Amino acid sequence: MSGEFDLDQIYVIIREHFREEGHAPHYTEIAGELGVSPEEGRLALHALMDSPFPCWLHPDTDYIASFPPFSNIPTQYHITVGGVRKWFAQCGFEALAMRWLFPGERVLVEALCMNSGEPMRIELRDEEVLSAEPNTIYGYVAVPLAKWRANLPFA
């Protein structure tokens, strides 16, 4: 591989690991999937993280912190798929995108409102909202779009 990385392949490896395991792979696992040395796996991971894709590492480490729509760091956005609760979403908006990664499955998003502290639940399957509690849920972003990239490590 030596410096030339197929970013699409690395993306798929990470995404599928998250889907199956509920957490991000370590770069040694990425290396194994690619059939390269651990160091080349680490460099491949960094190549993807340095791309415009909105993912990032935990500061000053080689550990994946966030990989939309997944968060490797526990957040208030708990995701349950098919009765199994093992994922966290990067943010409230990304939580809604989880349904695309689990076609045909019931995807439950549970969180506490960051304004009132009241519980919120929304259950989705593909493009259908199966239930929502409360029946009206609003989303907001407190960081201007122009400053999103600079704030990614702190989201």
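**Figure 1. Charges and overall form of the predicted model.** The 11 positive and 22 negative charges of the protein have mean positions that lie 7 Å apart, where Lys and Arg count as positive, Asp and Glu count as negative, and His and the chain ends are not counted. Each charge is placed at NZ of Lys, CZ of Arg, CG of Asp or CD of Glu. This is a predicted model, in which local features need pLDDT of at least 70 and side-chain atom pairs count only at pLDDT 80 or more, whereas totals for chains, interfaces and linings use all residues. Residues are numbered from 1 along each chain as its sequence is written, and side-chain values use heavy atoms, with hydrogens and water left out. The C-alpha trace spans about 50 × 35 × 20 Å along the principal axes of the protein. The radius of gyration is 17 Å, which agrees with the value near 15 Å that a compact globule of 155 residues would have; this radius is taken over C-alpha atoms, and the globule rule is 2.2 Å times the number of residues to the power 0.38.

**Figure 2. Elements, surface and contacts of the protein.** The protein has 5 helices and 8 strands, and from the N terminus on these elements run α-α-α-β-β-β-β-β-α-β-β-β-α. Helices (H or I, at least four residues) and strands (E, at least two) are DSSP runs numbered from the N terminus. The accessible surface comes to about 9100 Å², of which 55% belongs to carbon and sulfur atoms; the areas come from the Shrake-Rupley method with a 1.4 Å probe, and for residues only the protein chains shown count as cover. Buried residues make up 36% of the 155 residues, where buried means under 20% relative accessible area, exposed means over 50%, and partly exposed lies in between (1.4 Å probe, protein chains only). Of the contacts (heavy atoms within 4.5 Å) with a separation of 6 or more, 41% are between residues 24 or more positions apart.

Figure 3. Q90 has its place in the loop between β5 (84-88) and α4 (92-101), and Q90 counts as buried because its relative accessible area is 14%. The side chains of Q90 and S66 are joined by a polar contact of 2.7 Å; such a contact is a pair of N or O atoms within 3.5 Å, of which, within protein, one must be able to donate a hydrogen and the other to accept it, and residues adjacent in sequence count only if both atoms are side-chain atoms. Leaving aside residues up to four places away in sequence, Q90 touches P54, W56, S66, F67, P68, P69, F70, S71 and T75. Two of these partners, P68 and P69, are linked by a cis peptide bond with omega near 5 degrees, and P69 lies in the loop between β2 (64-67) and β3 (70-71).

**Figure 4. Helix α4 and the side chain of R99.** The buried residues of α4 are A95, A97, M98, R99 and L101, and what covers them includes α1 (7-21), β3, β4 (78-81), β5, β6 (107-112) and β7. R99 is among the buried residues because its relative accessible area is 13%, and its side chain reaches the backbone oxygen of L96 at 2.6 Å. Residues up to four places away in sequence not being counted, R99 touches V107, L124, D126 and E127.

**Figure 5. Backbone geometry in the loops.** Most residues other than glycine have a negative phi, and most peptide bonds are trans. D126, in the loop between β7 (119-125) and β8, has a positive phi near 55 degrees and counts as partly exposed at 33% relative accessibility. D60, found in the loop between β1 (56-57) and β2, also has a positive phi, near 65 degrees, and counts as exposed at 85% relative accessibility. The peptide bond from E133 to P134 is cis, with omega near -5 degrees, and P134 lies in the loop between β8 (128-133) and α5 (148-151).

Figure 6. S116 lies in the loop between β6 and β7, where its side chain reaches the backbone nitrogen of E118 at 3.1 Å; with a relative accessible area of 47%, S116 is partly exposed. G139 lies in the loop between β8 and α5 and counts as exposed at 51% relative accessibility. Although G139 and M114 are 25 residues apart in sequence, their C-alpha atoms are 10.0 Å apart in space.
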